[in-house]
Amino acid sequence: YKSASSGFIRSKRDRVSGFGTLMQQTDITNYIGKKLKLSAVIKTDNVKDWAGLWVRIDGENAHNLWFDNMQDRPIKGTMSWKRFEINFDVPKEGATLNFGILLVGAGSVWINDVSIEKLSGKKREPIQDLSVSLDF
């Protein structure tokens, strides 16, 4: 896809109970009180249960303040590259932003072109100071 590097998760068996995830974490304190959008391009192959882009904001001591893993709008089956996004507000207690891709059950999922934008009305501003690179 757009970048040479993609994140990738594949189940080892056809029947799997549980999930796998690929994630990153970054400091979010510079964006307290702001509305942000995390987006990524995702591709799937034979996802039996579901997959999803996910975001979690933690406070001090890894206390979970907000979470969305797309469970209510799951990605299933086989799909070519498609952009997904999650909008969220950073609460005043926010310390870290955790995000990634999730695979529940069997199948394969790829993630690419991850970005975070600050939203203000209809205006979108790319955020450059948060690490979202898959080049690791």
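Trainee: What makes Lys-37 count as buried?

Mentor: Buried means under 20% relative accessible area, exposed over 50% and partly exposed in between, with a 1.4 Å probe and protein chains only. Lys-37 has 4% relative accessibility, so Lys-37 counts as buried. Before we go on, remember that this is a predicted model: local features need pLDDT of at least 70, side-chain atom pairs count only at pLDDT 80 or more, and totals for chains, interfaces and linings use all residues. Residues are numbered from 1 along each chain as its sequence is written, and side-chain values use heavy atoms, with hydrogens and water left out.

Trainee: Is Glu-85 buried, partly exposed or exposed?

Mentor: Glu-85 comes out at 37% relative accessibility, so Glu-85 counts as partly exposed.

Trainee: How do you know that Asp-89 and Lys-35 form a salt bridge too?

Mentor: Their closest N and O atoms are 3.7 Å apart, so this pair also meets the cut-off. Asp-89 belongs to strand S5 (residues 75–89) and Lys-35 to strand S3 (residues 35–58), 54 residues apart. Asp-89, at 47% relative accessibility, is partly exposed, and Lys-35, at 35%, is partly exposed as well.

Trainee: How many salt bridges does a search of the whole structure find?

Mentor: The search finds eight. Among them is Lys-118 with Glu-125, at 3.9 Å from N to O. Lys-118 is partly exposed at 22%, and Glu-125 is partly exposed at 36%. Salt bridges that share partners also join Lys-37, Glu-85 and Glu-117 into one network.

Trainee: What makes the phi of Asp-113 worth a look?

Mentor: Most residues other than glycine have a negative phi. Asp-113 is not a glycine, yet its phi is positive, about 50°. Asp-113 is found in strand S7 and, at 18% relative accessibility, counts as buried. Ala-62 also has a positive phi, about 60°, without being a glycine. Ala-62 is placed in the loop between S3 and strand S4 (64–68), and its 56% relative accessibility makes Ala-62 exposed.

Trainee: Why is the link between Asp-113 and Arg-83 called a polar contact?

Mentor: A polar contact is a pair of N or O atoms within 3.5 Å; within protein, one must be able to donate a hydrogen and the other to accept it, and residues adjacent in sequence count only if both atoms are side-chain atoms. The side chains of Asp-113 and Arg-83 are joined at 2.3 Å, so the pair passes the distance cut-off.

Trainee: How do you know that S1 and S7 pair?

Mentor: Two strands pair if DSSP finds at least two bridges between them. S1 and S7 have four bridges, in the antiparallel sense, so they qualify. Gly-7 stands opposite Ile-111 in S7.

Trainee: What makes a set of residues a nonpolar core?

Mentor: Its members are buried Ala, Val, Leu, Ile, Met, Phe, Trp, Tyr and Cys residues joined through side-chain atoms within 4.5 Å. The largest one has 29 residues, and Leu-36, Leu-38, Ile-42, Leu-53, Phe-88 and Leu-97 have the most contacts inside it. S3, S5, strand S6 (96–104) and S7 are the elements that give two or more residues to this core, with the largest share, nine residues, coming from S3.

Terms used:
A salt bridge is a side-chain nitrogen of Lys or Arg within 4 Å of a carboxyl oxygen of Asp or Glu.
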